[in-house]
Structures are given as C-alpha cells and as structure tokens.
Amino acid sequence: ALAAATCSAAVLMRSGRAGKSKRKDDGSSSCYEKLIGNTPIVRLEHLSALLKRSIYVKLESLNPGGTGKDRAALSMIRLAEESKQLPPPFRYGTTSSQEKKAEASVDSKSQKGEGDSKMDQVILSAGKLSKSGGIIVEGTSGSTGISLAILAASRGHGCIVVLPDDQAMEKKLILQSLGAQVHIVPTASISNPNHYVNIARRVAERASKVWGYQAVFMDQFENLANFKIHYEDTGREILRGCPNVDAFVMSSGTGGTISGVGKYLKEQTQNHAQIVLVDPPGSSLYHKIEHGIAYAPQQAEQRLKRHRYDTLAEGIGLDRITQNFALGEPYIDKAIRVSDQHAVDMAHWLLSAEGLFVGSSSSMNVVGAVETALSLPEGASVVTIICDTGQRHVTRFWNRDFCLSWGLKWPGDCESPIPDCLKGSL
C-alpha cells in the first residue's frame, strides 16, 4: 500500500498531463488521438533509495495504445495525409460521399479479380475495410503496427502490417483484432529482399500500381516525422517533468526517440545531460557509438542463433544506421550493452519491488539507467523510458519455458533473484 501511495504521489507531482502539446488538432482527432503524449514521469522510489541516485521512468506505456509508438504513428499518418500520399481522414457523421467513392473504388477493383497471391489477398482485404480509399502499410516488429492499426481505423484507412515471425504471438492476435491485415514473413537481414521492411515496401507499391489504391509505406525507420515528434514533444515533456536531468538512457528501435529526445536535451541543458544508448546482444549500434563501426560479431551468418540480432528483446537493436538514428548519433555520449539475462532479472525485480510489469526493451532500459546512475555522483537524476508493458510479451520474455530454452535462468527458480547491477547496492 505504501509503495502504491508513493508511486501515486510521484505521478501527481510529476505528471506532464497538465501541460499542453504543441501539436495542432486538424479537426479530425479521435478520442484516442487526444490521449497521445503528455505521459507521466515517476520516480522509482525503491530503486532510487538503493542507488542513492534518482531513477525516473517516463511511462510511454500509458499512451492509449500502450506504447510510445503512438506518437510516431500519428505524426507519420498526418504527414502522409498532408502531403496527399493518403486521402484525407474519413469524417464520421459529416458526409457519405467519401465513403461512397471508396466503395466504388473497391467494387471496380473487385471486377479485376480476386488476386492470385497471398500479397494480393492481403491488399484487397485491407481495401475493403478502407472508408477513405487509402491504405497504410508498414513493416514492424509489432508495437508500431498496433498504433498504426488503431489510428488507421479511427481515420478510415485500411492497414497492412508485415510482421517478422520471431515476435510474440499476442502481437499478431492484437493486430488482427484491430482490423489490420497481417502478413507474416521469415526473419531476415535488411540486405535480404525478403526482410519484412523490404516486403512492406513492395506491398505498398503493388497496392498502388497494380490495384490502384492510394497506399503509402510508412517507413518508420527512415521517416523523419518519427524524429520530429520526439524532438518537439517527448524531449520537452521529459525536461518539464525532470528539470535536473543528468542523463537520458534508452535503447533504439528506429532511433527516433533517442535521437529526438537526445538532441532536445543536449540543446536545452547546454550539453549537460548525458545521452546513453542501451543495446541488446548482436546489434550494431553499440559498436557504432563506442568504436565508430556499425558491426557486431553475432551478425556473421553462422553465428546467428535464433533472432536477427540474437536477443530475446523485441523491437530494439539494428543492423544498420537509419536516418532517424543518424540525426541523433552526434548527441549520444556512450553505449551500454545489456544481456538478455540482466533484462529478465531486472523485469522480475521491478515487478516485485516497484509493481511495474514491463516488456523486454523497458527492462533493458532500466538496467542501462542503473549502470549510468552508478557512474554519476550521488544525488544524480537519470531518466529512461518504459516503452510498453509485459502484456505483449507473455509468450516469450515472461514465459519460463521459453526463457529456459534460450539458456537463461528463470528468476523465480533462484534463491536470490537480484539483478547483478544491484547486488553491490544491497
């Protein structure tokens, strides 16, 4: 009860929801869209007391889609609509002309036939669900796809998500429940034409050129609307919630968050705040920051075990430098490698000590925040991100049998399941 009260007090004191976003409402915002952003920052009281340094987490998991990807998804969709790559959002209760036009378009496409490939079937199914006549296509490891699917539905667009087959099954089920057409493909290197991002690009091209839909490939890794929203909104919210921030620590998926926030904090703190990258096993980014070379030994084809980055973590780690990451790279001071075992241990400790049920990338972020905090003087303040909750990771990261099959120890089986990074503080 005391822990809950402490956490609640921290939320009330540090919540950013009282602040107003700089985003302009285009008049078509759904309830979902109005809830995006201004997520609270909370101090992890027990962890901070152990370390004698303050660890703050920005709860991006409290966005309406359960992830900070809501921000980038909305930013990219609005940019696509403004640039005419997508039709205007469908406005419910105002006119039926747009919907009738979209239905007529679907009927004309149906006359061409049903399509003779799985890709065509996915495209036509998404087209039938589109009220605007537009289709959003993305290659994603899950969270961005979930955000895009919800926003596509609320704005009247169809949605196709190309998903690698190494993701937790619950993500596929959530996407299908949201009305997205899910196309699952074997995991592969980005240099492979059958990498999920490359296939998504081809799906969008085929939907436009062959079937005549107004389809757009969101391209979250290279789309700079991703970086822009974190520079303009997320960074500002962090500084407002923790004005004395000494370090910002997080992992990189597309690179949009760490780059946008990193640039903003460096500028606003006169270069005081450290920006620290957390990277999982097998990702190139650690070596890029520490040694200037985007390569990891695990990327040799014969060394890869189960995953394109050889890690249990989902949605983070890269084998290339994206435009989003490149924009923020000059502002990143150092990188920390975090193992899968440390992530599993920390996730279980956070659940028991702080009552936070987090996913794999969030747990890695906290491990990185602890290591960074211990390198700073007592009293320092470190901020990191809780990307999503453990609810999307129950069949892998939070599954005992799955973790054991990866050669990991299950914390519940150990006498003292204390994360290594905390043992010196206890």
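**A first walk around the model**

Visitor: Is cysteine 421 buried or exposed?
Guide: Keep in mind that we're looking at a predicted model. Cysteine 421 has a relative accessible area of 16%. Anything under 20% counts as buried, so cysteine 421 is buried.

Visitor: And what about cysteine 414, how accessible is that one?
Guide: Its relative accessible area is 33%. Buried means under 20% and exposed over 50%, with partly exposed in between. So cysteine 414 is partly exposed.

Visitor: How many disulfides does the structure hold?
Guide: A disulfide needs a pair of cysteine sulfur atoms within 2.5 Å. The number of disulfides here is zero.

Visitor: Which strands stand at the edges of the open sheet?
Guide: Six strands make up this sheet, in the order β1-β2-β10-β7-β8-β9, with mixed pairing. Two of them have a single partner strand each, so one side of each is left without a neighbour in the sheet. Those edge strands are β1 (41–43) and β9 (334–337).

Visitor: Which residue in β8 is the bridge partner of serine 251?
Guide: Strand β7 covers residues 247–251 and β8 covers 274–279. The two run parallel and are joined by five bridges. For serine 251, the partner in β8 is valine 278.

Visitor: Which helix lies across β2, β7, β8, β9 and β10?
Guide: The protein chain has 17 helices to pick from. The one you want spans residues 360–374 and runs at about 170 degrees to β10 (381–386). That's helix α15.

Methods:
Residues numbered from 1 in each chain as written. Predicted model: local features only at pLDDT ≥ 70, side-chain atom pairs only at ≥ 80, totals over all residues. Heavy atoms only, no water. Buried < 20%, exposed > 50% of the residue type's maximum accessible area, 1.4 Å probe, protein only. Pairing = 2+ DSSP bridges. Helix = DSSP H or I, 4+ residues; strand = E, 2+ residues; numbered from the N terminus. Contact = heavy atoms within 4.5 Å. Axes fitted to C-alpha atoms, helices over the stretch in contact; angles between N-to-C directions.
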